[in-house]
Amino acid sequence: MTSVINGTNLIKGETGDWEVVIGLEVHAQVISNAKLFSGASTLFGAEPNTQVSFVDAAFPGMLPVINEHCVEQAVRTGLGLKAQINLFSVFDRKNYFYADLPSGYQISQFQQPIVGKGEIVLDMPDGTSRTVGVTRLHLEMDAGKSVHDLHPSRTYVDLNRSGVALMEIVSEPDMRTSEEAAAYVRKLRAILRYLGTCDGNMEEGSMRCDVNVSVRRPGEPYGTRTETKNVNSIRYVQMAIDYEVQRQIEVIEGGGTIVQETRLWDTTKFVTRSMRSKEEAHDYRYFPDPDLLPLELEQSWVDAIKATLPELPDDKKARFISDYKLSNYDAGVLVAERASADFYETVAKGRDPKLSANWTMGELFGALNKQGKGIEQSPVSAENLGGLIDLISDDTISGRIAKDVFAEMVATGKPAAVIVEEKGLRQVTDTGAIDSAIDGVLAANPDKVAEYKGGKEKLFGFFVGQVMKQTQGKANPAMVNEILTRKLNG
């Protein structure tokens with residue numbers, strides 16, 4: 001049985017310690033209305049085989065024509081990954097035969113990709129960060145889809161996806177735990193979404209992950225790796241890695257050897273299983289596509305794209321920490337999605353940034369999680385949440401009443417000020433009214449007053465609670481505490 005050694009990235013096996021080596025290949029579907037080499041639509045969810053051009057179906061004599069927007073999206077992504085942009089790149093034919101690949105080859109890039117080395121900074125749960133290298137990003141066309149569950153003995157082929165533009169983003173083997181791999185996918189997805197180059201929707205297949213895993217003794221050369229294909233959720237990426245690490249260590253410690261192979265993640269049994277022996281580059285017989293000229297870019301064109309890049313997660317996080325004095329954790333949560341960061345900045349404008357962060361991450365995110373909604377579908381707008389915070393800040397309502405008001409805002413969509421007026425929830429700040437309520441509570445509980453004065457100071461909370469009850473929670477808590485203290489200790 002294996003176990004993690006605390007304080008290290010090592011795994012303790014039956015025969016000693018092991019180090020895990022992880023590299024990821026992420027296939028990200030380019031946001032584009034048309035496919036990489038044809039004008040066919042890329043809209044998700046269409047009827048099978050209704051978005052297929054003659055090029056996608058590999059009719060004889062059909063020639064691919066490069067989609068400039070897809071090239072721009074790849075360059076934009078490369079710049080977002082702080083990567084080298086190659087002004088000269090080549091499209092190759094990657095040859096293999098499968099029913100959903102009618103041409104018998106995939107147009108991809110191999111030795112001369114459009115984007116070279118870059119990096120991604122991981123934000124770990126313990127507040128630390130580390131950098132993972134990106135080896136390359138290349139453009140390629142997607143294959144079609146084989147559907148095996150519509151007939152007991154037949155496979156159906158849907159070519160809607162055939163020819164859709166993909167960016168394959170390949171990491172260096174720099175990760176050592178499944179948690180780091182999950183952080184990598186999360187960060188990469190955030191960058192792609194900020195850039196607007198991929199929607200990162202793993203459930204719809206627009207972002208898929210191939211997981212390469214090997215184990216070795218600390219300090220030894222890399223072991224034999226396996227590749228688990230097309231993992232479509234961050235949770236499954238972690239589970240597939242953890243399972244594969246356990247399996248490989250048990251095989252080696254049992255006297256066996258790891259076979260370099262392609263495996264599949266079984267989402268019902270939560271295991272990896274063998275699919276086929278791992279292909280090498282020579283198995284695909286790569287050669288430059290004779291129908292496509294090399295792709296040559298002007299540096300001025302790349303510079304113009306760079307000038308349009310948005311503020312990316314790392315820079316935004318640093319600014320939130322610097323300008324809003326947020327903690328590393330709070331800033332990281334808020335910038336994880338561009339929509340959340342924009343929402344927060346609207347709320348925080350001219351207001352207490354910490355209070356704004358607490359309400360955004362606490363009440364709002366909690367309500368959205370309950371409803372299964374993203375922040376884009378929030379029933380409470382950023383302006384209305386800001387209005388609620390204004391009412392807390394100017395003592396119109398207390399923090400406790402504000403939670404009730406917020407619940408009503410979620411249910412009705414009404415602004416906080418309207419709800420406060422309709423329900424008569426304004427905070428009582430009239431010292432005479434609070435004085436009167438306190439006098440009533442003290443007169444009704446002489447025994448408790450005597451106990452308090454006899455040293456039972458914990459009863460102070462009881463008196464506060466009774467006063468708040470008398471005022472239906474509307475009394476200003478600070479005033480209640482101040483006046484109570486004076487009356488009880490006077």
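Analyst: Helices (H or I, at least four residues) and strands (E, at least two) are DSSP runs, numbered from the N terminus. The model is predicted: local features need pLDDT of at least 70, side-chain atom pairs count only at pLDDT 80 or more, and totals for chains, interfaces and linings use all residues. Residues are numbered from 1 along each chain as its sequence is written, and side-chain values use heavy atoms, with hydrogens and water left out.

User: Which residue just after α14 takes a positive phi?

Analyst: Helix α14 comprises residues 460–470. Just after α14, a positive phi of about 55 degrees is taken by Gln472.

User: Which exposed residues does the face of α14 turned away from its buried side carry?

Analyst: The buried side of α14 has a cover that includes α12 (431–444), α13 (446–453) and α15 (477–489), where contact means heavy atoms within 4.5 Å. On the face turned away from that side, the exposed residues are Lys469 and Gln470.

User: What is the volume of the largest cavity?

Analyst: Rolling a probe the size of a water molecule over the atoms shows where empty space is left. On a 1 Å grid over the protein atoms alone, a cavity is a set of points where a 1.4 Å probe fits but cannot get out, and a pocket is an open set with protein on both sides within 12 Å along at least five of seven lines; lining residues have an atom within 4 Å of a point. Grid points are joined across faces, edges and corners, and a volume is the space filled by probe spheres set on the points. The structure holds one cavity of 30 Å³ or more, and the space in the largest cavity is about 80 Å³.

User: Which element gives the largest share of the lining of the largest cavity?

Analyst: The lining includes Gly80, Glu119, Lys187, Ile191 and Asp314. The elements that give two or more residues to this lining are β7 (118–123), α2 and α5. By class, the lining has six nonpolar, one polar and four charged residues; Ala, Val, Leu, Ile, Met, Phe, Trp, Tyr, Cys and Pro count as nonpolar, Asp, Glu, Lys and Arg as charged, and the others, Gly among them, as polar. The largest share, three residues, comes from β7.

User: Which element gives the largest share of the lining of the second largest pocket?

Analyst: The second largest pocket has a volume of about 720 Å³, and of its 22 lining residues, Asp123, Arg186, Gly332, Val333 and Ala336 lie nearest its centre. Two or more residues of the lining come from each of α2 (178–195), α5 (313–324) and α6 (328–335). The classes are represented by ten nonpolar, five polar and seven charged residues. The largest share, six residues, comes from α2.

User: How far apart are the closest N and O atoms of Glu311 and Lys316?

Analyst: Glu311 is partly exposed, with a relative accessible area of 28%. Lys316, by contrast, is buried, at 6%. Glu311 and Lys316 form a salt bridge whose closest N and O atoms are separated by 3.0 Å.

User: Which residues is Ser129 in contact with, leaving aside its neighbours within four places in sequence?

Analyst: Ser129 is placed in strand β8. The C-alpha atoms of Ser129 and Glu311, 182 residues apart along the chain, are separated by 19 Å. With neighbours within four places in sequence left aside, the contacts of Ser129 are Val121, Leu122 and Asp123.

Note on methods:
Buried means under 20% relative accessible area, exposed over 50%, partly exposed in between (1.4 Å probe, protein chains only). A salt bridge is a side-chain nitrogen of Lys or Arg within 4 Å of a carboxyl oxygen of Asp or Glu.
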